[in-house]
Every structure is written in structure tokens, then in C-alpha cells.
Amino acid sequence: MKHNGLFRRATPEPIETDRLADFSYLDPGVVYLDSACQSLRPQPVLDALTEYYTSYNACGGRVKYAWGRRVDDEVAAARQGVLGLLGLSGRHYAVSFTLNTTFGLNLLLQQLPQGRYARVVTSHVEHNSVFLPTMTAAKRLGVPRLVLDRAADGALVYEPAQLERAIVVVNAASNIDGRLLTNLAELVRDAHARGGIVILDAAQSMAHERALLQKTDADAICFSAHKMYSASLGVIVARRELLSSLELSFIGGGMVADVREDSYDLLPNDPGALLEPGLQAWAEIIALRHATDWLGTVRPGGRPPAEHVSALSERLFDGLSDIPGLTMVNAAASPVISVYAPKQDSHRLAVFLSQSGIAARSGYFCAHHYLKERLGLPPLLRFSLGLHSTTADVDRAHDALARLMKGLS
Amino acid sequence: MFCIAAFIVLLFMAAVSARYRRYLAKAASCTFRRVTFRPCDTTFKQDLKDHMLAPLAARRPGLVGPASVALEVVAFLVVLTTIWSGYVVVESAANLYVYGTCNKQDSASCSLGAEACSIPDQTPTFGDSIAAWDIVGAFGNDFVRLGETFSAIPSRMQNWDAKEYLPANATYLNEFDAQKPTALEVIDPGCTYCLQLFENLEEAGFANKQNLSYIAFPIPAPTGYKFPNSLLVTQYLEALRLNPLADAKTPVDWEILKRIYTEKDAAGVSWQSVINSADAVEATALLQDWAAEFGLSQAQVDTVASVAGSDKVAGIIAANKQTVKERIHTVKIPTIIFDGRRHDGLVSVGDLD
């Protein structure tokens, strides 16, 4: 057992992994550790994109020729694949596609009905994709906005009364230190009991922490396909009741059954389409279908993906913890690990690491309020792992940073 | 300072490669903030430094600290030298316009102006002052020189009339004709470019179109004169002007100048070279022989020799010197004023036509 302040962790089992064949295209000189921004795409996803563009490059939706019908089938399969990953039923939830998580959250928050909700609740440890739209939503709805703390284990710290007719918008996993919303089930139950809803930012949890979201009762889950091995795409999984309650202001083609001079009929029995005005990113949606398939079958080192990433996370966390001069932001290992060196600029470290082929992120990661205002921290250095990562990658990153820190001190 | 240095460097790099233009805009913004006494965009500065230091960090991270300091020093020097270069360019351009040379202190060293013998500036150069640890003097003298140059700009733009600068006892190469305009050249009898100008004047038939007169100006040197016998010749020329030979078709002073500039001795050496390399006794003898040859009696030659060394001639030479330095403002010999302009240095036959 190793001790690190208040947190006690078990020493991980040593592992050795080779690069997954689906990422064999990756330049061996590069160690990509920015999967929290976007993951690398496995070969089947790239092949799916290429196949769409070269074999059946058609629009979906009300197209009668063969290519279009194939697109419709693929899109339907993509929606089903997303529900399958989350263990949710299509009877209660619908899947919509959009640009990214931020856009998805905005589509929901800016179209929620007036008068139904009494407050907007979020937490300090949020990405700007949550933090900012909750400000504008509260203002639009004319309700107060409550910003709550998150415990060290990621649980939202709240009193049940604070959830009275509340719109709760929080992340399921932090993009800073990967801490999880460990009291998700309790939160959803308490919110629902008081007429509230829970909307989740699942951008950082869909790839490697999906277990937390399985069969959730949350009202909406927004995430980015490009953080879970697919092409750039936003996904909204929302309860049908929530979708049908929206006061739509963002509207256009693909959503309507009929249009008259001063009125229109929305598509019946297709609530997912309510958030999909205009032409969709067909290739990206099809790629998502293949990404969900891939995620369901891939076994790096013969283990489930989450286990693989968890083992690498432990290795990286331990290694970074041992480097003198570094301060860990994470309380525990996670696929997203942030650190800073009080005497060194993180941006400089990122540039220097890049020279050694290590692609790590520096800055505030769109969490300015929490890191800068609340904690008063300097810009951080973030390493985020993916299924393409190997033990050699982790060791190279550790060695490069350790050497830098020693030389710069 | 680093931002400003980056802007300067990127300015040149962006001119030859589009790759650097996006950085140039950032550097320009940063520089604007610095020169308006606001903090620079530290992100840009840091980015730039970090990218420059990254290769070193990958090999010898321990050297990043000293290299970072060295970069700051280099940036400071780049800015300093750029400011100084800009100053020199402005000063040189102003000098070129006003004096016809980019280097006022040593006009012959500037290849941009017409060829000429320079009238040296007696004040110490910037380098001399720095070498003598006279920092204040180094900058002070330079700024004074620049001030003089700028203050002389209006005179450069004026309509030059040679008659305004004629000495009181002026003589003309050809007989004075009131119908012709007047031209005035400032010459040193020992200067080779004055010889070449005289040849050009003759080839262009200049004296037939203009009433050509001169001011003899022996160019000073730190010790004495640039051409040792120039003062002696000038004294004789002024003495001959004070004692003109009656009925001479060409004034004797002009005859002597013509001999110096256009004729050679028996050995084929130009008389200008002979005079320049002769000692004072030999030069005096030559001048007196020539005066006699051009029609002066022995008594008249003796009178001229006596007057040449008089205070009166010394006063005339001093007055002419003052005219050249303070009114004509030239630093190049020869200088010739005609057609409303002042021409510094050697003028080609074509320009004299």
C-alpha cells in the first residue's frame, strides 16, 4: 500500500500492453494523452466514414433510393446503439444528434418551458459547457441559480429541499480530475421526488466510465461522440416527456410533417427529431454506430476497456505522484489526471513535452471558475488516457516529465 | 522587450513566408501594448520563448534557465540595435538630402552621394566618444548633429542664387556678362574632384553660359589642412584678386587655377599633384613663377606675395570659410551653385549642360 496524503491506494498490478491493432496507424513517435478533448478513432470508425463517403454518400430521411435507405438504417442503428450502451429503453428515451455536448446542453436548457421550474442547480466543478448555459437558462426562465459543491469523491453536496422543482445540470465525470458523480442515483431520485429534472454532462464518462450511467433515470444525458472514439458529433439522450415539454425556438427542416402559411405540424412519434433541425451529419452518425459496436467488442489485452484504462490510470497516477516538484490535483487515479508544478508554467511544460513527442494539455480546460476563481490555481497540465494508450506511452510520458522537472528545478 | 524583439524579427520573416504572418499580428498587438506602457500579452511571449527553448529542454533541461535569460538579453539587444539602426537610417537620409552625403562627418565615405573631398566634422564621432567613455558626449554630439541637419532642411529647399554667396572681390573665368546667370563653385585647389569638375565645366562649355566664379576653401584637417599647400595657393589666389592685372583677358587667379587643374609638368605629372607634394618653398616659387608668366611684373609679384600673407587675406579666407560653413552648409568639396540649386560634389558634364 502507498500513502498519498489522506488518500490511500492499492498499488496496481503491473501490466504490459501493446498498442491495439485498430490504432496501428498511430505514429510510434507520438504519445497522445489528450483523449479528454477527443479520442483517437479506431480503424473501423475510419473505415465506416470512408465507406459512407465512397459507397453511399446520401442524405437520410425520406429518401427513396437505395443509398438513402441504407443511411436511414444506419442512423436508426446508431440511435439504438447509443441506447444499448446506456442500457436504456427506446420506449422512454429518444436519441438526438447535434454538434457537441455544449450544443446539446444548450438545446435543452434554452428550450425548457417557462413556469415549470423554480431554480437551476449546478456545481462549482463544471466545464463551461454546463456552467455558462445554466447562467443563461436561469436568466431566461427568471429563476435563481444555485451553485453547489462537489465532495472529494465527486458526489454533489445538496439538501433535498434545494432540488424542489429544480433543473439540475452536472457532469457525471470531471474533465479536470475525472471524479465521478458518485451519488447520481440518489440525486435523480431526490430531484424527481420534488418535481425536478437532472440533465447530465456525460462528455467525460461515456468512453470509460459508462458503468455509472447504465440504466440511469436521469432526464437527459449529453455527450460528445468524438470523446468516445467516433467522429465529431454531439449526442442527446433524453426522456420523451422532457422532449415533448420543450418550447421549441430552434426549428427547421427535418422536424415537421406539414407546414402551412402560419403554422406547422411536428413529426409525430419522433421526439428525437425535435432537436435535429436541418441536415444531419450523416457520416458522423454512421461512424458513431460503428464506434458503439467497437466499444462493445474491443478487449485490449483481453480485458474490458474500462479495466484497461483503469490500470493505465493507476500506473500514470503513481508515476506522476513520485515526481518531485509536482502537485497532484487528482485525489485518486482516473483516466484524466491533472497536475501542476508551482515553480513551472504548465504551458511551458506542455510545449517542452511536445518536443519529446508527448501530447498533453495545459490550461484551465474550460473550468476557469473552479480552478482559477475558486481554487486560485495556476494553469494545469493534464494527461488523459484512451484505449489507444499503452504502458509504454505512460512510461514515456512519466520519464519525459520527470527528466524535465529535474532539469528545470 | 521580448515581444518587441519578436515583432521586429517576425516583420522580416513574415515578408518572405506566410507561415509567420499569423504570429506577426500577435506580435504587433503585443508591441503596441508595450509601447503604450501596458503589459504585453504574456501568453504570446511565453509561447514564443517556450517553442524556442523546447529543443534544448528535450536534450538539456538544465540549460533552459540560462538560455531563457540569454534570450531576454538577445531580445534587448535586438530592440536596441533596431532602434539605433532606425535612427541611423533617418539621420543618413536627412544628411543625404541636406548635404548630399549619408555621412556628414566623413562625406567621402558615403557611396550614395556624388564623389567629393569631404570637409571633416571636427567633433568626435560616436565611436570615439564611446571609446573615451564619454557616453553623454556620444549621444549629445550625435543629437546636435541631427539637429543641425534638420535645421538645414529649409535651406536645402530654397531657391539658390549664386550671387548671394559671391565674395566681395569675386573674379570670373570669362568676362562678366550681365545677361548671363551667375554660378559659384566652392573649391579646394588640392582636391582631385575639383580638378575633375573643372574638366567637366570646360567640356560642357559652362563658362560660356554662366558667369563662373569661385570660393577657394582649403579643407581643414585635424592638424593643418587636408592638402598641405591649399592654404598657400588660396592666399595667392585671394592676393591676386586684390591686385588684379589690368587688361588681363582672364584674371590671373583663374589662370593659376586652370594651370593647377588642367596642365602637367614636363614629366607629365599634373600640376595639382606637383603642388600637393611640394613643400611650401617649392610651391611658393611655382606660384610666383606662374604669376610672372601670366603677366605680372616682379614688383607686382612681390606685392602679391606680401599681400598673400597679410591679415586682410586671412580675413577674406576666414569670411569665405564662414560663408561655406554657415550659409552654404556644404560638407563636400567641390560644391557648385547654379540653376537655382546647390550641387554637392562632382557634377557630370550632362548635368552641367
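**Exercise 1. Helices α13 and α14 of chain B**

At what angle do the axes of helix α13 (residues 280-293) and helix α14 (residues 298-308) of chain B cross, and within what distance do they come? Classify the arrangement and describe the contact.

Solution. The model is predicted.

Step 1: The two axes come within 9 Å and cross at roughly 140°.

Step 2: Angles over 145 degrees count as roughly antiparallel, and those from 65 to 115 as roughly perpendicular.

Step 3: On the α13(B) side the contact involves B:Q288, B:A291 and B:A292, which meet B:Q298, B:V301, B:V304 and B:A305 of α14(B). Sorted by class, the contact of α13(B) with α14(B) holds five nonpolar residues, two polar and no charged ones.

**Exercise 2. Helices α1 and α4 of chain B**

Describe the packing of helix α1 (residues 2-16) against helix α4 (residues 64-99) in chain B.

Solution. 

Step 1: Two packed helices are described by the angle between their axes and the distance between the axes. For α1 and α4 of chain B, the angle is about 60° and the axes are 8 Å apart.

Step 2: That angle makes α1(B) oblique to α4(B).

Step 3: α1(B) and α4(B) cross in a left-handed sense.

Step 4: α1(B) contributes B:F2, B:I4, B:A5, B:I8 and B:V9, while α4(B) contributes B:E72, B:A75, B:V78, B:V79 and B:T82. The class count for the contact of α1(B) with α4(B) is eight nonpolar, one polar and one charged.

**Exercise 3. The interface between the chains**

How many residues of chain B are in contact with chain A, and which helix of chain B gives the most?

Solution. 

Step 1: 11 residues of chain B are in contact with 12 residues of chain A.

Step 2: Helix α3 (residues 42-59) of chain B gives the most to the chain B side, with seven residues.

Step 3: The side of chain B that touches chain A comprises six nonpolar, three polar and two charged residues.

**Exercise 4. Residue A:D72**

Locate A:D72 and decide whether A:D72 is buried, exposed or partly exposed.

Solution. 

Step 1: A:D72 is found in helix α2 (residues 66-86) of chain A.

Step 2: A residue is buried with 20 or more other C-beta atoms within 10 Å and exposed with 12 or fewer. A:D72 has 17, so A:D72 is partly exposed.

Step 3: Leaving aside residues up to four places away in sequence, A:D72 touches A:G60 and A:G61.

Step 4: A:R315 is 243 residues from A:D72 in sequence, and the two lie 43 Å apart in space, C-alpha to C-alpha.

Technical notes
Residues numbered from 1 in each chain as written. Chains lettered and ligands numbered in written order. Predicted model: local features only at pLDDT ≥ 70, side-chain atom pairs only at ≥ 80, totals over all residues. Helix = DSSP H or I, 4+ residues; strand = E, 2+ residues; numbered from the N terminus. Contact = placed C-beta atoms within 7 Å. Axes fitted to C-alpha atoms, helices over the stretch in contact; angles between N-to-C directions. Nonpolar A, V, L, I, M, F, W, Y, C, P; charged D, E, K, R; others polar. Parallel < 35°, antiparallel > 145°, perpendicular 65-115°, else oblique. Left-handed = near helix turned anticlockwise from the far one by under 90°.
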